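Me: I would like to learn how to read the features of a model like this one. Please take them one at a time.

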Amino acid sequence: MKLYETLAADIARQIAQGVIREGEKIPSVRQTSQHHNLSVSTVIRAFLLLESQGVIESRPQSGYFVRRKPAVQASTAGDTAAPTGPADMARGETLDTSEFVLTTLRSINQGSVPLGSPYPDPASFPWARLNQHANSLARRAGQMGMTADLPPGNPELIRQIARRHLENGLPVDAGEIIITTGATEALNLCLQAVAPPGSVIAVESPTYYALLQAIERMRMQVVEIPTDPVAGIDLAALERAIDERGVAACMVMPNFQNPQGYQMSDERKRAMVEMLTRHDVPVIENDVYHELYYGDVHPTSLKNYDTRGLVLHCNSFSKTLSPASRIGWTLPGRYRAPVEKLKFLNTLNTPALPQLAIAEYLKNDGYDYHLRKLRKAYAQNASIMAAAVRRFFPRGTFVSTPMGGYLLWVNLPDGIQALELYARAQERGISIGAGNIFATGDAFQHCIRLNYSYPWTAEVEAAVRTLGLLATDLANCAPRKRANL
């Protein structure tokens with residue numbers, strides 16, 4: 001067994017023997033690390049494994065406790081079988097990103113300060129109006145035929161999306177639009193359409209972890225392209241990868257990239273599309289933060305420069321209007337037919353009622369006014385959060401300068417491990433996004449991602465101050481650790 005599996009088995013055995021009883025707190029990540037002479041990341045993997053199996057649970061600001069009715073016990077020391085939780089916690093020594101993200105979201109649901117959330121503050125959305133539209137439409141649901149929600153989607157919503165693109169400077173053919181269950185499905189469908197299993201897919205590094213998961217799930221290979229936190233993906237390195245690795249497709253976020261927040265210039269967007277067109281390589285564009293720009297000018301998309309149908313544009317209303325509705329769309333260019341077929345084969349349809357409710361809102365309820373309020377709030381929060389990080393975190397910390405969206409990328413001084421900071425923050429009821437999950441290797445193990453979409457309250461400021469103190473403590477410990485090696 002791996003080290004984290006052995007540790008999980010030891011803890012589970014102690015619980016089974018009554019050494020640690022139901023409802024009792026288990027030793028902290030730091031105590032366990034010191035006692036067993038293991039790395040913090042190994043201890044975290046063990047705790048996540050036990051939590052996924054229902055043996056222990058995390059309580060904000062308190063630590064980990066033995067569940068009163070554990071659903072599944074960890075394997076004993078003599079077992080050699082793989083763990084049987086909802087997902088294997090790791091492959092080799094690699095952190096299981098899916099379970100890590102789920103654990104973070106669970107902690108947020110239990111009351112943690114949601115700095116690690118990938119989602120915007122739900123209080124910022126017009127739930128009342130959307131619900132009114134949905135209730136009114138539901139009373140007339142009998143008038144909708146059985147095929148009203150089949151691909152490509154509701155005609156009125158498609159018309160409203162096409163109008164939105166036109167108003168933003170991108171004339172599109174409404175017949176190209178396919179409605180999906182959020183942007184995640186759009187990205188997955190497009191990836192399936194452009195490349196078979198075994199293909200090499202190029203991504204930014206760091207990149208949104210869901211893209212890495214999609215590539216792995218479809219049994220494709222990933223090549224990570226160096227990405228500048230201001231300019232974006234290295235086009236020269238991307239072209240070398242196309243020549244040397246036979247890249248079949250690219251997946252990028254040119255506007256307010258998750259996690260770094262940058263916006264590619266129009267010149268680089270045009271150059272990227274022209275270069276990919278020369279090589280006949282499709283690019284899947286994740287543009288979910290497109291409407292959340294801070295400047296006066298609406299950003300362009302890669303789709304603006306596409307002349308051959310090689311840009312598969314993916315978007316959704318989840319970041320701007322209604323994450324619960326899970327309504328997204330794609331403009332898949334020359335790949336429209338296979339994407340529509342895959343949509344039908346994978347999920348058959350997208351529910352009609354949320355599509356109609358959003359279409360009604362777009363027609364009647366001042367979407368632009370709502371977006372202006374969001375942009376203003378997020379831009380203010382970005383400045384406040386960045387200033388707080390610079391004030392409270394140790395010397396040598398660098399923060400990104402996001403041009404839109406609601407995510408701040410923080411580079412910590414050498415010697416501070418993001419996973420260790422994550423563990424200590426979790427014990428104090430604070431969630432963060434550890435940089436480890438945004439790449440396949442360890443290049444960003446000293447980075448964290450912070451969500452600033454929530455109102456800047458005394459609680460949020462105290463959480464950032466606490467993170468700074470924890471990071472300072474880890475920075476001070478780093479020289480002593482190196483001296484003892």
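Reply: Start with how elements are named: helices and strands are DSSP runs, numbered from the N terminus. Keep in mind that this is a predicted model.

Me: Which element gives the largest share of the lining of the second largest pocket?

Reply: Helix H8 does, with 6 residues. The pocket itself has a volume of about 630 Å³. Its lining counts 28 residues, and the closest to the centre are Tyr119, Thr184, Tyr208, Ala210 and Arg326. Two or more lining residues come from each of helix H4 (97-109), helix H7 (182-194) and H8.

Me: How many residues of that lining are nonpolar, polar and charged?

Reply: The lining of the second largest pocket divides into 16 nonpolar, 8 polar and 4 charged residues.

Me: Next, the sheet. What is the order of its strands?

Reply: The sheet is open and has 8 strands, in the order S5-S12-S11-S10-S9-S6-S7-S8, and its pairing is mixed. Strand S5 (178-180) and strand S8 (232-233) are the edges; each has a single partner strand, so one side of each lacks a neighbour in the sheet.

Me: Which sense, parallel or antiparallel, does the pairing of S6 and S9 have?

Reply: Two strands count as paired if DSSP finds at least two bridges between them. S6 and S9 have 4 bridges and pair in the parallel sense. Within this pairing, Val203 stands opposite Met251 in S9. Strand S9 (residues 247-252) is also joined to strand S10 (residues 283-286), in parallel, by 3 bridges. There, Cys250 has Val283 in S10 as its bridge partner.

Me: What do S9, H10 and S10 make?

Reply: They make a β-α-β unit, and the unit is right-handed. As for burial in S9, 5 of its 6 residues are buried, so the strand is mostly covered.

Me: Now the backbone. Which residues does a cis peptide bond join, with omega about 5°?

Reply: That bond joins Ser205 and Pro206. Pro206 belongs to the loop between strand S6 (200-205) and helix H8 (209-217). Another cis peptide bond lies between Asn258 and Pro259, with omega about 25°. Pro259 is in the loop between S9 and helix H10 (266-279).

Me: Then phi. Where is Arg219 placed, and what is its phi?

Reply: Arg219 is not a glycine, yet its phi is positive, about 60°. This residue sits in the loop between H8 and strand S7 (221-228). Arg326, also not a glycine, has a positive phi of about 55°. Its loop runs between strand S11 (311-316) and strand S12 (328-331).

Me: Are these two arginines buried, partly exposed or exposed?

Reply: The cut-offs matter here: buried means under 20% relative accessible area, exposed over 50%, and partly exposed is in between. Arg219 has a relative accessible area of 71%, so it is exposed. Arg326, at 33%, counts as partly exposed. Arg326 is also among the residues closest to the centre of the second largest pocket.

Me: How should I read contacts between residues that are apart along the chain? Where does Pro151 lie, for example?

Reply: Pro151 is in the loop between helix H5 (127-139) and helix H6 (155-167). At 19% relative accessibility, this proline counts as buried. The C-alpha atoms of Pro151 and Glu340 are separated by 6.5 Å, although the two residues are 189 residues apart along the chain. Not counting residues up to four places away in sequence, Pro151 touches Glu340, Lys343, Phe344, Leu348 and Asn349.

Me: And Gln355: is this residue buried or exposed?

Reply: Gln355 has 0% relative accessibility, so it counts as buried. Gln355 is part of helix H12 (residues 352-364). Leaving aside neighbours within four places in sequence, its contacts are Asp149, Gly153, Asn154, Leu157, Ile179, Ile327 and Thr350.

Notes. Residues numbered from 1 in each chain as written. Predicted model: local features only at pLDDT ≥ 70, side-chain atom pairs only at ≥ 80, totals over all residues. Heavy atoms only, no water. Buried < 20%, exposed > 50% of the residue type's maximum accessible area, 1.4 Å probe, protein only. 1 Å grid on protein atoms, 1.4 Å probe; cavity = no way out; pocket = protein on both sides within 12 Å on 5 of 7 lines; lining within 4 Å. Points joined across faces, edges and corners; volume = space filled by probe spheres on them. Nonpolar A, V, L, I, M, F, W, Y, C, P; charged D, E, K, R; others polar. Contact = heavy atoms within 4.5 Å. Right-handed = clockwise from strand over helix to strand, strands pointing away.
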